[in-house]
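Please open the model in your viewer, with the sequence panel beside it, and keep a selection tool ready. The stops below each begin with something to select.

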Amino acid sequence: MPGRPPALNAAQSRQLSTFIEQQSLSETGGRLSGHDINEYLFKNFGIRYELSSIYRVLKRLGFS
């Protein structure tokens, strides 16, 4: 597979997916912005993405 490997490993990707799914079902949650997801990634994994890359990560995880 050409290109740089993803910064998130498989376990981190699953954790992010679970977080997004839980937020979407939460009464206080709902939609998350790219900024919200970037903050979650930085707080939990020390990873910061460019905003445009956040949307590529979401697409790879099956979110739109």
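The tour goes through the helices, then a contact between side chains, then the pockets, and ends with some distances.

Before selecting anything, note that this is a predicted model, in which local features need pLDDT of at least 70 and side-chain atom pairs count only at pLDDT 80 or more, while totals for chains, interfaces and linings use all residues. Residues are numbered from 1 along each chain as its sequence is written, and side-chain values use heavy atoms, with hydrogens and water left out.

**Helix 1**

Select residues 10–25, which form helix 1; helices here are DSSP runs (H or I, at least four residues), numbered from the N terminus. Helix 1 has 16 residues and spans 23 Å from its first C-alpha to its last, close to the 22 Å expected at 1.5 Å a residue, where the expected span is 1.5 Å times one less than the number of residues.

Which residues of helix 1 are buried? They are Gln12, Ser13, Leu16, Ser17, Phe19 and Ile20, where buried means under 20% relative accessible area, exposed over 50%, and partly exposed in between (1.4 Å probe, protein chains only). Seen down the axis of helix 1, its buried residues fall within an arc of 160°, so they line one face of the helix; the arc is that of the directions from the helix axis to the C-beta atoms. On the other side of helix 1, you will find Arg14, Gln22 and Leu25 exposed. As background, an α-helix has 3.6 residues a turn, so residues three or four places apart point the same way.

**Helix 2**

Next select residues 34–45, the 12 residues of helix 2, which reaches 16 Å from its first C-alpha to its last, close to the 16 Å expected at 1.5 Å a residue. Colour Gly34, Ile37, Asn38, Tyr40, Leu41 and Phe45, which are buried in helix 2. Looking down the axis of helix 2, you will see these buried residues fall within an arc of 160°, so they line one face of the helix. The face of helix 2 turned away from that buried side carries the exposed residues His35 and Lys43.

**Helix 3**

Move on to residues 51–60, helix 3, in which Ser53, Ile54, Val57 and Leu58 are buried. Viewed down the axis of helix 3, the buried residues fall within an arc of 150°, so they line one face of the helix. Turned away from the buried side of helix 3 is a face that carries the exposed residues Arg56 and Lys59.

**The salt bridge**

Now show the side chains of glutamate 39 and arginine 48, which meet in a salt bridge at 3.0 Å, N to O. A salt bridge here is a side-chain nitrogen of Lys or Arg within 4 Å of a carboxyl oxygen of Asp or Glu, and by this rule the count comes to one. Glutamate 39 counts as partly exposed, at 35% relative accessibility, and arginine 48 also counts as partly exposed, at 45%.

**The pockets**

Select Arg4, Pro5, Pro6, Ala7 and Arg60, which lie nearest the centre of the largest pocket among its 14 lining residues. A pocket is found on a 1 Å grid over the protein atoms alone, as an open set of points where a 1.4 Å probe fits, with protein on both sides within 12 Å along at least five of seven lines, and lining residues have an atom within 4 Å of a point. The largest pocket has a volume of about 330 Å³, and its lining divides into eight nonpolar, two polar and four charged residues. Here Ala, Val, Leu, Ile, Met, Phe, Trp, Tyr, Cys and Pro count as nonpolar, Asp, Glu, Lys and Arg as charged, and the others, Gly among them, as polar. A volume is the space filled by probe spheres set on the grid points, which are joined across faces, edges and corners.

For the second largest pocket, of about 260 Å³, select its lining residues, including Ile20, Glu21, Ser24, Tyr55 and Phe63. Helix 1 gives the most to this lining, with three residues.

**Closing distances**

Finally, select glycine 46, in the loop between helix 2 and helix 3, which counts as exposed at 54% relative accessibility. Glycine 46 and valine 57 are 11 residues apart in sequence and 16 Å apart in space, C-alpha to C-alpha.

Key:
Helices (H or I, at least four residues) and strands (E, at least two) are DSSP runs, numbered from the N terminus.
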